[in-house]
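Please keep the sequence and the structure in view while reading.

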Amino acid sequence: MQDAFQKRTSKTDAQVHFTGGCQCGAIRYAVTDEPITAATCHCRDCQYSSGGAPAHALLFPAGSVTLLRGAAKEHRYRGGSGRTVMRSFCPDCGTPLFGGTEGANYDVVRAGSLDDPEAFRARVSLWTDSAPSWHHVDADAPSFPGNAPPIA
């Protein structure tokens, strides 16, 4: 069975564009591609994983993330689409790190885990119909009441 989110353990000939890790330093990663997009997701699952806020994430081509140190704990469940969704976090400090959906051609990196979170600029807002009244929905980015159209 192929994982919904594949982590590479070495990629020596690629340029690193982003680095990050968890709050306690047990997990470190590098990203060797530019993002496909950057999304703010207001779905109920993201609210659970963030403690109430929307999730801010960068989507990268599958295989772009290289795990440099440590191992994230993964939680898998069936999403609203019927496909398996994976979310991972540091088992020591709980920092949300990665995500993915079965059959998707991208890897998800949570913006808060980046060494430079200023690299995140939302290009789209998702699941805005699930947003509580106190969530900010960026009027400058396209927004969708549910999921966005598939990424090619």
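## Basis of the model

The model is predicted; local features need pLDDT of at least 70, side-chain atom pairs count only at pLDDT 80 or more, and totals for chains, interfaces and linings use all residues. Residues are numbered from 1 along each chain as its sequence is written, and side-chain values use heavy atoms, with hydrogens and water left out.

## The sheet

An open sheet with mixed pairing is built from 7 strands in the order S6-S7-S8-S9-S4-S3-S10. Strands are DSSP runs of E with at least two residues, helices are runs of H or I with at least four, and both are numbered from the N terminus. Two strands pair if DSSP finds at least two bridges between them. Strand S6 (73-78) and strand S10 (124-126) each have a single partner strand and stand at the edges, so one side of each is left without a neighbour in the sheet. From one strand to the next the twist averages 25°, where axes are lines fitted to C-alpha atoms and angles run from 0 to 180 degrees between N-to-C directions.

Strand S4 (residues 55-61) pairs with strand S3 (residues 37-41) in the antiparallel sense over 5 bridges. Within this pairing, cysteine 41 stands opposite alanine 55, and threonine 40 has histidine 56 as its bridge partner. S4 also pairs with S9, again in the antiparallel sense and over 5 bridges; here phenylalanine 60 stands opposite aspartate 107. S4 is mostly covered, with 5 of its 7 residues buried; buried means under 20% relative accessible area, exposed over 50% and partly exposed in between, with a 1.4 Å probe and protein chains only.

Beyond its neighbours within four places in sequence, serine 125 is in contact (heavy atoms within 4.5 Å) with Thr40, His42, Val137, Asp138, Pro142, Ser143 and Phe144.

Residues up to four places away in sequence aside, serine 88 touches Ala72, Lys73, Glu74, Thr95, Pro96, Leu97 and Phe98.

## The largest pocket

On a 1 Å grid over the protein atoms alone, a pocket is an open set of points where a 1.4 Å probe fits, with protein on both sides within 12 Å along at least five of seven lines; lining residues have an atom within 4 Å of a point. The largest pocket holds about 930 Å³ of space, a volume being the space filled by probe spheres set on the points. Its lining comprises 37 residues, with Thr101, Tyr106, Leu126, Trp127 and Asn147 nearest the centre. Elements that give two or more residues to this lining include helix H1 (44-50), strand S7 (84-89) and strand S9 (106-110). S8 provides the largest share, 4 residues.

By class, the lining of the largest pocket has 22 nonpolar, 10 polar and 5 charged residues. Ala, Val, Leu, Ile, Met, Phe, Trp, Tyr, Cys and Pro count as nonpolar, Asp, Glu, Lys and Arg as charged, and the others, Gly among them, as polar.

## The second largest pocket

The second largest pocket has a volume of about 180 Å³. Among its lining residues are Asp45, Tyr48, His75, Arg87, Ser88 and Arg110. At least two lining residues come from each of H1, S6, S7 and S8. This lining divides into 5 nonpolar, 4 polar and 3 charged residues.
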